[in-house]
Amino acid sequence: MRVTIAGAGAVGRSIAAELLENGHQVLLIDIDPHAIKIDSVPRAEWLLADACEISSLDEAGLNTCQVVIAASGDDKVNLVVSLLAKTEYGVPRVVARVNHPKNEWLFNESWGVDVAVSTPRLLSALVEEAVSVGDLVRLMTFRQGQANLVELTLADDAPVVGQRAGSVPWPVDAALVAILREGRVLVPSADDPLEAGDELLFVASQEVEHELTHLLSAHGRS
């Protein structure tokens, strides 16, 4: 997979290194000459250019990319890059970094953003996830407001403990995508029993989150 990352700061370089380790092709773009640190990620392609300019994105070959990541420290830049990637080049997947929570509402499909990653929200969600049992925690939003990645850890007395995953009447707009159990990631099948302490990951619309909480929490509490 070919990935272009706009923003070659510490965040962009870290993402690039991880993607390269996983076998992907990566191009880093930045307008700041001081950010072009080729030795830090030598296997990546590098481009000194303004990622908000069509000519730069033409040079980057965005039409050949499957993913664009707008990872700069400037929300305005990330929005412009996202919009251009989606509307001008038809990039299938656009991921954008949200630096300031007050701007989070802008990072949606109207600006070409498929997935918005807000560090403050993610950190707070991880804190909640670490301390909450029986409460639904929203980890990430896909296409702002349309679907969320949510997690719930089953309490000992959760009503679904002992039931098979396929026998639970999940809400229509919710899909159980993974079960985290004793350090393992399980792809759930209909016959898998649910156990106390399981971390259940769902992709669900916001409208059914309350139903999930009611279904999975101890004694149906909400």
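Colleague: Among contacts between residues at least 6 apart in sequence, what share joins residues at least 24 apart?

Modeller: A contact means heavy atoms within 4.5 Å. Here the share is 54%. This is a predicted model, so local features need pLDDT of at least 70, side-chain atom pairs count only at pLDDT 80 or more, and totals for chains, interfaces and linings use all residues. Residues are numbered from 1 along each chain as its sequence is written, and side-chain values use heavy atoms, with hydrogens and water left out.

Colleague: How many helices and strands does the chain have?

Modeller: Both are DSSP runs, numbered from the N terminus: helices are H or I with at least four residues, strands E with at least two. The chain has five helices and eleven strands.

Colleague: How much of the chain is buried?

Modeller: Buried means under 20% relative accessible area, exposed over 50%, and partly exposed in between, using a 1.4 Å probe and protein chains only. Of the 222 residues, 46% are buried.

Colleague: Is Asp 75 buried or exposed?

Modeller: Asp 75 counts as buried because its relative accessibility is 5%. Asp 75 sits in helix 3 (residues 75–87). Leave aside neighbours within four places in sequence, and its contacts are Arg 97, Val 98, Asn 99, His 100, Asn 103 and Phe 107. Its C-alpha atom is 9.5 Å from that of Leu 106, 31 residues away along the chain.

Colleague: Where is Asp 114, and what does its side chain touch?

Modeller: Asp 114 is in the loop between strand 5 (93–98) and strand 6 (115–118). At 1% relative accessible area, Asp 114 is buried. A polar contact is a pair of N or O atoms within 3.5 Å; within protein, one must be able to donate a hydrogen and the other to accept it, and residues adjacent in sequence count only if both atoms are side-chain atoms. The Asp 114 side chain makes one with the side chain of Lys 86, at 2.8 Å. A polar atom of the Asp 114 side chain also lies 2.8 Å from the backbone nitrogen of Val 94.

Colleague: Which residues line the second largest pocket closest to its centre?

Modeller: Rolling a probe the size of a water molecule over the atoms shows where empty space is left. On a 1 Å grid over the protein atoms alone, a pocket is an open set of points where a 1.4 Å probe fits, with protein on both sides within 12 Å along at least five of seven lines; lining residues have an atom within 4 Å of a point. Of the 18 lining residues, Gly 7, Asp 30, Ile 31, Ser 72 and Val 77 are the closest to the centre. Helix 1 (10–21) and strand 2 (25–30) each supply at least two lining residues.
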